[in-house]
Amino acid sequence: MKLLRYGPVGQEKPGLLDAEGVIRDLSAHVPDFTPDQLSPENLKRLAAIDPASLPKVEGPQRYGPPIIGSQKFLAIGLNFADHAAESNMPVPDEPILFTKATSCIQGPDDEVMLPKDSVKSDWEVELGVVIGKTARYVDEDKALEHVAGYVTVNDLSEREYQLERGSQWDKGKGCDTFGPIGPWLVTGDEVGDPQNLDMWLEVNGKRMQTGNTRTMVFGVANLVSYVSRFMTLVPGDIITTGTPPGVGLGFKPPIYLKAGDTITLGIEKLGEQRQSVVGWRHLG
């Protein structure tokens, strides 16, 4: 299934995308896609609904993030060997783990706002993993049983904040608007093997990143198992799993985002995003 949330900011409704690419309203069956709706049992219940029985949603719609209420937004650094090389960093012996503030989460096509005084804002297309069942010290061969589905993520990063202002990557990763997710949460049965998905990203129509999840240093099952040793993963938690080469930091000279740029990105089976980049402004 392709599960989604559609509508204006703060007024999103739950839906699904049918085989013809039409949004169907799920409001009569689920109040919203909150963490408690992501259990295997609930997903099985939703999968049994005939999409043709659901009301069609007419007209173009804004996609919100496909889940709301995530407790944790975790990220894995340098998980593609060729990206580590372009960053002039060694391939890690075990996963590098950091956090993105949940306040950075937004819809896949919402504007990306450069942080105040930003000079090195960058892009990263990544596979996101959404937890559906509590995971604590999970064995790798059982790890995918705890995954509700997968999402496209743009792990936007302010490189000066991340790399030049102390040792904490979090400062450059959790800025407002730096976590576009979606357009859909695609359940694991529809995705199949998460280690064979093409990925790409363009800036202003120019291809910057081309990759495939098969070249990840640590695969999805390994990562879910690994992270669950250090913290309990609960439904709704998101793990974004690293990016292939082609980020702005890796160019010589580096290329960074500026107001007026357009970012488009996508992952096979998981849908595409499109963001306009704007300058910093006060939010509310």
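Reader: Is Glu 145 buried, partly exposed or exposed?

Author: A residue counts as buried under 20% relative accessible area and as exposed over 50%, with partly exposed in between. In this predicted model, Glu 145 has a relative accessible area of 45%, and so it is partly exposed. Glu 145 sits in the loop between strand 9 (125-131) and strand 10 (147-154), and together with Asp 139, Glu 140 and Asp 141 it gathers in a patch of negative charge on the surface.

Reader: Which class does Ile 49 belong to, buried or exposed?

Author: Ile 49 counts as buried, because its relative accessibility is 14%. Ile 49 lies in the loop between helix 1 (40-47) and strand 4 (73-77), and, leaving aside neighbours within four places in sequence, Ile 49 is in contact with Leu 26, His 29 and Leu 54.

Reader: How can I judge a whole helix, and how many residues of helix 5 are buried?

Author: The idea is to apply the reading of single residues along the element. In helix 5 (residues 220-227), seven of the eight residues are buried, so the helix is largely enclosed by the rest of the structure. Among the buried residues are Val 220, Leu 223 and Tyr 226, and what covers the buried residues of helix 5 includes strand 4, strand 5 (96-99), strand 9, strand 10 and strand 16 (238-240).

Reader: What should I look for in charged pairs, and which residue forms a salt bridge with Asp 155?

Author: Side chains of opposite charge can pair when their charged atoms come close. Here Lys 173 forms a salt bridge with Asp 155, and the closest N and O atoms are 3.0 Å apart. Because Lys 173 lies in the loop between helix 3 (159-163) and strand 12 (179-180), and Asp 155 in the loop between strand 10 and strand 11 (157-158), the pair ties together parts that are 18 residues apart in sequence. Lys 173 is buried, with a relative accessible area of 2%, and Asp 155 is buried as well, with 0%. Salt bridges that share partners join Lys 100, Asp 122, Glu 124, Asp 155, Arg 159 and Lys 173 into one network.

Reader: Which parts of the chain does the salt bridge between Arg 281 and Glu 111 tie together?

Author: The side chains of Arg 281 and Glu 111 meet at 3.3 Å, N to O. Arg 281 lies in the segment after strand 18 and Glu 111 in the loop between strand 6 and strand 7, so the pair ties together parts that are 170 residues apart in sequence.

Methods. Residues numbered from 1 in each chain as written. Predicted model: local features only at pLDDT ≥ 70, side-chain atom pairs only at ≥ 80, totals over all residues. Heavy atoms only, no water. Patch = residues over 30% accessible without salt bridge, like charges linked within 9 Å, V, L, I, M, F, W, Y side chains within 5 Å. Areas by Shrake-Rupley, 256 points an atom, 1.4 Å probe, with all protein chains shown as cover. Salt bridge = Lys/Arg side-chain N within 4 Å of Asp/Glu carboxyl O. Lys, Arg positive; Asp, Glu negative; His and termini not counted. Charge placed at Lys NZ, Arg CZ, Asp CG, Glu CD. Helix = DSSP H or I, 4+ residues; strand = E, 2+ residues; numbered from the N terminus. Buried < 20%, exposed > 50% of the residue type's maximum accessible area, 1.4 Å probe, protein only. Contact = heavy atoms within 4.5 Å.
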